[in-house]
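Let's take a friendly walk through this fold, with the structure open beside the text.

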Amino acid sequence: MPIDSQRRKNVFRLVPEGALVSRDWLLDHELSNHAIDNLLKSKQLITVKNGIYKREGSIVDWGDVVYFLQRAQETDLTIGGITALELQKLSHYLALSNKRTVHLYGRDAVPGWLNRATDSANFIKHSLGDLLGQQVTQDQLYNFTKAFSWKSTKEGLRMSTPERAILEVLNEVPAKISFEHADELMQGLTTLAPRALQQLLEIFNNVKVRRLFFYFAERQNHPWLAKLNKTTLDFGSGNRVVAKGGHLNKKYQITVPVSYE
């Protein structure tokens with residue numbers, strides 16, 4: 001077999017459609033620096049960012065980028081919040097654009113090239129710091145993730161469970177998520193696992209999120225609510241302004257829209 005044909009065959013085998021790969025990964029999988037440079041010169045590999053490549057003519061989708069971040073770069077970045085609920089068909093809002101917004105949660109930083117890697121999505125990074133408020137191990141957080149099937153990958157994409165995702169959403173109220181939207185999302189969460197919720201509410205040490213969660217859960221009267229133990233949770237003191245110009249809900253000391261009282 002001619003050398004060029006063999007190289008092309010190797011590229012198709014090592015770098016599937018849409019996949020991103022690093023030079024270090026290629027070096028660990030049969031290719032030398034010289035071979036990689038030749039593939040770049042012949043444009044069989046295209047540079048996305050220095051040291052990160054895709055196959056010639058390959059279209060990189062949003063999930064390919066997330067897979068690279070999670071698996072190749074081993075970051076803790078997890079698809080969460082409203083994106084995780086959408087992927088699990090727990091959000092009834094229709095996208096206004098073909099370009100998906102992908103919310104990523106974690107401690108690790110996102111690379112500067114992230115939003116240039118694909119035309120299919122806009123990535124938004126969120127820190128878990130204000131939700132946690134305490135030291136938490138990675139294993140504790142991974143216990144509240146699940147796999148989203150992606151192409152032929154064995155592991156899939158790591159995303160938040162519904163129990164974790166709704167708490168991530170509530171942390172964005174009212175700055176990025178409206179009070180009304182959060183209420184609609186909570187309305188559809190009829191099958192949440194109370195044990196997981198209890199553990200997360202204790203891990204996510206955020207007073208505003210705890211108050212909002214119980215306010216919405218009581219409003220929707222979900223059956224799993226009766227199985228939660230509020231006595232182990234700190235709800236803080238003082239009022240929290242959530243809806244500007246709204247009424248104060250005295251039980252949870254948060255302001256809610258006038259139409260909700």
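The model shown here is predicted. With a relative accessibility of 1%, Thr78 therefore counts as buried. You will find Thr78 in strand 4, which covers residues 78-79.

Strand 7 (residues 145-148) pairs with strand 8 in the antiparallel sense, over four bridges. Within this pairing, Ser160 of strand 8 is the bridge partner of Thr145. In the loop between strand 7 and strand 8 sits Lys151. Phi of Lys151 is near 50°, a positive value in a residue other than glycine. Is Lys151 buried or partly exposed? Its relative accessible area is 47%, so Lys151 is partly exposed.

## Aromatic pairs

How many aromatic pairs does the structure hold? There are eleven. In one of them, the rings of Trp62 and Trp150 have centres 5.2 Å apart and planes at 55°, so this pair is tilted. Trp62 belongs to helix 4 (residues 62-72) and Trp150 to the loop between strand 7 and strand 8, so the pair ties together parts that are 88 residues apart in sequence. Trp62 is buried at 7% relative accessibility, and Trp150 is buried with a relative accessible area of 10%.

The rings of Phe213 and Trp224 make a stacked pair, because their planes are at 25° and their centres 5.7 Å apart. Phe213 is in helix 11, and Trp224 is in the loop between helix 11 and strand 9, eleven residues apart. Both Phe213 and Trp224 are buried. Ring pairs also build a cluster, made of Phe213, Phe214, Trp224, Phe235 and Tyr252.

## Charges over rings

Phe214, one of the cluster members, has Lys230 over its face, at 5.5 Å from the ring centre. Elsewhere in the model, Arg55 lies over the face of Phe12, at 3.9 Å from the ring centre.

## Helix 11

Helix 11 runs over residues 207-220 and has 14 residues. From its first C-alpha to its last, helix 11 reaches 20 Å, close to the 20 Å expected at 1.5 Å a residue. At the start of helix 11, a side-chain oxygen of Asn206 comes to within 3.1 Å of the backbone nitrogen of Lys208. Asn221 follows the helix, with a positive phi near 55°.

Is helix 11 mostly covered or mostly open? It is mostly covered, with eleven of its 14 residues buried. The buried residues include Val207, Arg210, Arg211, Leu212, Tyr215 and Ala217. What covers them includes helix 6 (129-132), helix 8 (162-170), helix 9 (179-187), helix 10 (194-203), strand 9 (247-249) and strand 10 (254-256).

Helix 9, one of the elements covering helix 11, has buried residues of its own: Phe179, His181, Ala182, Asp183, Leu185 and Met186. Among the elements that cover these are helix 5 (81-87), helix 8, helix 11 and strand 10.

In the loop between helix 8 and helix 9 lies Pro174. The peptide bond from Val173 to Pro174 is cis, with omega near 0°. Gln253 has its place in the loop between strand 9 and strand 10. Phi of Gln253 is near 55°, a positive value in a residue other than glycine. Gln253 has a relative accessible area of 28%, so it is partly exposed.

Terms used:
Residues numbered from 1 in each chain as written. Predicted model: local features only at pLDDT ≥ 70, side-chain atom pairs only at ≥ 80, totals over all residues. Heavy atoms only, no water. Helix = DSSP H or I, 4+ residues; strand = E, 2+ residues; numbered from the N terminus. Expected span 1.5 Å × (residues − 1). Buried < 20%, exposed > 50% of the residue type's maximum accessible area, 1.4 Å probe, protein only. Contact = heavy atoms within 4.5 Å. Polar contact = N/O pair within 3.5 Å; in protein donor to acceptor, adjacent residues only side chain to side chain. Pairing = 2+ DSSP bridges. Phe/Tyr/Trp six-rings, centres within 6.5 Å; stacked < 30°, edge-to-face > 60°. Lys NZ or Arg CZ within 6 Å of the ring centre and 35° of its normal.
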